[in-house]
Amino acid sequence: MKIAFIGLGNMGGGMAANLVKAGHAVNAFDLSAEAVAKAAEHGCATFDSIPAAVDGVDAVVTMLPNGAIVRAVYTQDVFGKAPKGALFLDCSTIDLATAREVVELAQAEGYEMVDAPVSGGIAAANGGTLTFMVGGSDAAFERAKTVLEPMAKAMIHAGETGAGQVAKMCNNMLLAIHMIGTCEALALAQKAGLDPQTFYDISSKATGYCWSLNDYTPMPGVGATSPADNGYAGGFASALMLKDLRLAMAGAETSGATVPMGEHAMKIYEAFVEAGNGGKDFGAIFTTL
Ligand code: NAD
């Protein structure tokens with residue numbers, strides 16, 4: 001299959017390389033010359049414009065920073081330039097309203113398109129073990145699977161257009177809330193005189209169990225190994241969690257949902273990132289308590 005890949009950053013670079021490894025011909029484009037050079041090293045063909053990269057392809061994959069960029073890339077440089085019948089897959093994490101709008105515009109131009117955001121970080125992108133949450137028709141999902149497979153550990157059909165972005169924003173809002181709760185419980189246990197490891201041993205087997213506590217314990221030296229044991233380096237950056245929480249708040253507004261805990265979690269991450277901690281793992285909220 002001939003696939004155009006646009007957005008070869010931390011995530012997209014490894015994803016494009018995995019498509020090449022699977023035997024696809026990959027046309028790569030990014031605004032960053034460095035990212036393009038890396039893609040060439042991984043066997044991608046490189047182009048100096050998006051219209052040139054999407055010419056004659058079967059599918060276009062995008063992995064871009066935000067909704068405004070995704071909209072601009074498709075409306076200005078992909079629609080009318082990619083062949084009719086090409087499948088578009090936007091794997092970026094973007095706001096729900098824009099995700100739905102771009103798919104509608106693509107359909108009006110005669111293209112099939114899915115939203116296919118991912119769970120898993122840079123290591124999963126490089127290792128081809130991302131989980132894709134796909135929104136679109138049954139037929140579009142079946143077509144998308146053949147493109148996504150070399151980059152995926154799992155591909156889940158979440159529902160109609162936008163359902164992938166809904167799944168992603170709800171999951172990450174829940175993750176932020178239980179991470180903050182986990183940090184608070186560990187700090188309270190310690191301050192109230194209970195050994196935090198003993199608290200972990202009890203609560204990880206009791207009703208307090210959750211991924212943040214059991215598998216990603218945000219307190220150094222306690223419970224599961226996590227970025228907390230490495231000075232909160234690596235892992236999932238607080239700035240990215242803040243981005244996802246802002247998308248969830250926008251999604252709540254679009255859909256009329258009430259999310260007081262999500263809103264509060266966003267404010268906590270906002271203050272943490274504004275204090276210069278955007279690069280630290282999101283479990284580092286523990287250090288503020
Ligand atoms: P990144 O900033 O490393 O990469 C984005 C790339 O897009 C950059 O190389 C940039 O030059 C390129 N770009 C920007 N505008 C462009 C344009 N107009 N045309 C072509 N290229 C353009 O970001 P990332 O970490 O790879 O994240 C990409 C997406 O994946 C985001 O939506 C992010 O939320 C999502 N995501 C990231 C992670 C993670 O752990 N990094 C995990 C899950 C999802």
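Trainee: How many disulfides does a search of the whole structure find?

Mentor: This is a predicted model, in which local features need pLDDT of at least 70, side-chain atom pairs count only at pLDDT 80 or more, and totals for chains, interfaces and linings use all residues. Residues are numbered from 1 along each chain as its sequence is written, and side-chain values use heavy atoms, with hydrogens and water left out. A disulfide is a covalent bond between the sulfur atoms of two cysteines; the criterion applied here is a pair of cysteine sulfur atoms within 2.5 Å. Over the whole structure, the number of disulfides found is zero.

Trainee: How far from C91 is the nearest cysteine sulfur?

Mentor: C91 is in no disulfide. C91 is buried, because its relative accessible area is 0% (buried means under 20%, exposed over 50%, and partly exposed in between, with a 1.4 Å probe and protein chains only). The nearest cysteine sulfur belongs to C44, at a distance of 14 Å.

Trainee: Which cysteine has the sulfur nearest to that of C170?

Mentor: C170 is likewise in no disulfide. With a relative accessible area of 42%, C170 is partly exposed. The nearest cysteine sulfur is 18 Å away and is that of C210.

Trainee: Let us turn to the ligand. Where does the ligand sit?

Mentor: A pocket is an open set of points on a 1 Å grid over the protein atoms alone, where a 1.4 Å probe fits, with protein on both sides within 12 Å along at least five of seven lines. A molecule sits in a pocket if more than half of its atoms lie within 2 Å of its grid points. By this criterion, the ligand sits in the largest pocket.

Trainee: Which helices each supply at least two residues of the shell around the ligand?

Mentor: There are 23 residues around the ligand, counted where a heavy atom lies within 4 Å of it. N10, M11, D30, L64 and K243 come nearest. Helices are DSSP runs of H or I of at least four residues, numbered from the N terminus. Those that each supply at least two shell residues are α4 (67-78) and α11 (238-255).

Trainee: What percentage of the ligand's accessible area does the protein cover?

Mentor: An oxygen atom of the ligand is 2.7 Å from a side-chain N or O atom of K243, and a ligand oxygen is 2.9 Å from a polar backbone atom of N10. A backbone N or O atom of T93 lies 3.0 Å from an oxygen atom of the ligand. On its own the ligand has 840 Å² of accessible area, computed by the Shrake-Rupley method with a 1.4 Å probe.

Trainee: Which residue's backbone oxygen lies 2.6 Å from a polar side-chain atom of S204?

Mentor: S204 is found in the loop between α9 (196-203) and α10 (211-214). S204 counts as buried because its relative accessibility is 12%. The backbone oxygen in question is that of Y200.

Trainee: Is Y232 buried or exposed?

Mentor: Y232 lies in the loop between α10 and α11. Y232 has a positive phi of about 60°, although it is not a glycine. Its relative accessibility is 7%, so Y232 counts as buried.

Trainee: What distance separates the C-alpha atoms of G221 and I69?

Mentor: G221 is found in the loop between α10 and α11, and G221 is exposed, with a relative accessible area of 65%. G221 and I69 are 152 residues apart along the chain, and their C-alpha atoms are separated by 41 Å.

Definitions and conventions: Polar contact = N/O pair within 3.5 Å; in protein donor to acceptor, adjacent residues only side chain to side chain. 1 Å grid on protein atoms, 1.4 Å probe; cavity = no way out; pocket = protein on both sides within 12 Å on 5 of 7 lines; lining within 4 Å.
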